[in-house]
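Hi everyone, thanks for coming along. Let's have a look at a structure together and talk through some of its details.

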Amino acid sequence: MRKNSLKSTMINSEVMKTVSEIIRGEVKDPRVAPMTSVTDAEVTTDLKYATIYVSVLGDEEQSKKTLLGLKSSSGFIRKELARRLNLRNTPELKFVLDESLAYGMKMDKLIDEVIKKDERGNE
């Protein structure tokens, strides 16, 4: 199976959607922030491993707590994933913090500040 094949893309999408539903509705760990979203999932071609990218709305400490909570809940999430998806193998889950949204918001704010300074300078 090629890395960017249609089948691979569909599996990644389904894993992402299902893990997101499980985290939102069934994970009861208090360390997991309520505003946690799954931004992407990459399943290896042999279906043995999956990297799940999560974004947390909150500060850095909240993000670290959420990652710890997700890592400790990974067995439960994997079991639920196996129950809901009919895959040959249920991948072992690895959670990674996706900081691209926070970075994008920071860059947007910096651009707005530069535009405001430029507008004040031209008046």
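Which residue does Arg31 form a salt bridge with? The partner is Asp29, and the closest N and O atoms of the pair are 2.9 Å apart. By salt bridge I mean a side-chain nitrogen of Lys or Arg within 4 Å of a carboxyl oxygen of Asp or Glu.

Before going on, a word on the source. This is a predicted model, where local features need pLDDT of at least 70 and side-chain atom pairs count only at pLDDT 80 or more, while totals for chains, interfaces and linings use all residues. Residues are numbered from 1 along each chain as its sequence is written, and side-chain values use heavy atoms, with hydrogens and water left out.

Let's stay with Asp29 for a moment. You'll find Asp29 in the loop between H1 and strand E1 (36-43); helices (H or I, at least four residues) and strands (E, at least two) are DSSP runs, numbered from the N terminus. Is Asp29 buried or exposed? Asp29 counts as buried, at 15% relative accessibility, whereas Arg31 is partly exposed at 34%. The cut-offs are under 20% relative accessible area for buried, over 50% for exposed, and partly exposed in between, using a 1.4 Å probe and protein chains only. The side chain of Asp29 also reaches the backbone nitrogen of Arg31, at 2.9 Å. Setting aside neighbours within four places in sequence, Asp29 is in contact (heavy atoms within 4.5 Å) with Gly69, Ser72 and Ser73.

Now for the other salt bridges. How many are there by this rule? The count comes to 8. One of them joins Arg84 to Glu21, with the closest N and O atoms 3.6 Å apart. Arg84 lies in helix H3 (residues 74-84) and Glu21 in helix H1 (residues 6-25), so this pair ties together parts that are 63 residues apart in sequence. Arg84 is partly exposed at 31% relative accessibility, and Glu21 is partly exposed at 33%. Arg84 and Glu21 also belong to a network of salt bridges that links them with Glu26, Glu80 and Arg83.

Another salt bridge pairs Lys65 with Glu61, at 3.5 Å between the closest N and O atoms. Lys65 and Glu61 are 4 residues apart in helix H2 (residues 60-72), which means about one helical turn separates them. As a general rule, an α-helix has 3.6 residues a turn, so residues three or four places apart point the same way.

Back to H1, then. Helix H1 has 20 residues and reaches 28 Å from its first C-alpha to its last, close to the 28 Å expected at 1.5 Å a residue; the expected span is 1.5 Å times one less than the number of residues. Its buried residues include Ile11, Val15, Val19 and Ile22. Among the elements covering the buried residues of H1 are E1, strand E2 (49-56), H2, H3 and strand E3 (92-97).

One last stop is Leu47, in the loop between E1 and E2. In general, most residues other than glycine have a negative phi. Leu47 is also buried, with a relative accessible area of 5%.

That's my tour, so over to you for questions!

Conventions
Polar contact = N/O pair within 3.5 Å; in protein donor to acceptor, adjacent residues only side chain to side chain.
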